[in-house]
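Here are some notes to read alongside the model. Keep the viewer open and follow the points in order.

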Amino acid sequence: ALNSFWANAANWSAGQIPAGTQSVKIDVTGTPTISIMGINPNFGSLWLAENLDVDAGVTFTLNNLFTLTSGTATFNGPASVYGYTQTGGTLAGSGAFTVTNNFTQTGGVINRTGDMTINQAAGALNFAATQVGNLLLYAHTINLGPTSVNGYIQAEADGDLAVNGPQ
């Protein structure tokens with residue numbers, strides 16, 4: 001039977017839970033919340049236009065790009081993604097969230113209590129968040145917009161570092 005549990009193979013068009021280099025696109029009628037618990041997903045890429053709730057006991061790994069276009073993606077366990085693109089929606093949660101190669105945010109909101117680490121391999125890192133725990137940023141150029149941090153900010157730029165607060 002179909003439900004909103006990630007670990008239910010019957011929910012997937014290929015009849016199996018995504019793994020390896022597989023890419024996943026979740027954009028269905030309505031606004032379901034996809035729940036991940038009891039497994040540690042490790043696969044290629046995810047394009048998300050729905051709500052995603054990752055349990056605190058789950059380690060979530062993407063070997064390629066995570067694209068958030070709408071909905072709320074809540075990571076209460078540790079998450080590591082190779083690349084991150086946000087055009088809408090909300091990135092939330094209490095678990096550590098790490099971007100290992102490329103970060104792009106052109107819309108949406110980051111409102112997390114957990115720590116966030118971003119390693120920008122190329123190009124400028126432009127970042128702004130409603131709220132985040134500790135924030136660690138590594139890039140050649142960092143442009144830090146209005147951000148509420150509950151802990152500390154560590155920013156390492158071997159080029160320019162610009163910090164812009166509310167105007």
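Is T74 buried or exposed? T74 has 18% relative accessibility, so it counts as buried; buried means under 20% relative accessible area, exposed over 50%, and partly exposed in between, using a 1.4 Å probe and protein chains only.

1. A word on the ground rules. This is a predicted model, where local features need pLDDT of at least 70 and side-chain atom pairs count only at pLDDT 80 or more, while totals for chains, interfaces and linings use all residues. Residues are numbered from 1 along each chain as its sequence is written, and side-chain values use heavy atoms, with hydrogens and water left out.

2. The overall build. You'll find zero helices and 17 strands here (DSSP runs numbered from the N terminus, H or I of at least four residues for helices, E of at least two for strands). The radius of gyration is 16 Å, close to the 15 Å from the globule rule for 167 residues, so the protein is as compact as a globular protein of that length. That radius is taken over C-alpha atoms, and the rule is 2.2 Å times the number of residues to the power 0.38. Along the principal axes, the C-alpha trace spans about 50 × 25 × 25 Å, and 40% of the 167 residues count as buried.

3. Back to T74 and its strand. T74 sits in strand β7, and β7 (residues 72-75) pairs with β9 (residues 90-93) in the parallel sense over three bridges; pairing takes at least two DSSP bridges between the strands. The bridge partner of T74 in β9 is A92. Setting aside residues up to four places away in sequence, T74 touches L52, D53, V54, A92 and G93 (contact is heavy atoms within 4.5 Å).

4. The core. The largest nonpolar core holds 37 residues, and L46, F66, F75, F97 and M116 have the most contacts inside it. Such a core is a set of buried Ala, Val, Leu, Ile, Met, Phe, Trp, Tyr and Cys residues joined through side-chain atoms within 4.5 Å. Beyond its neighbours within four places in sequence, F66 contacts residues including L46, F75, Y84 and F97.

5. Finally, Y84. This residue lies in strand β8 (residues 79-86) and, at 0% relative accessibility, counts as buried.
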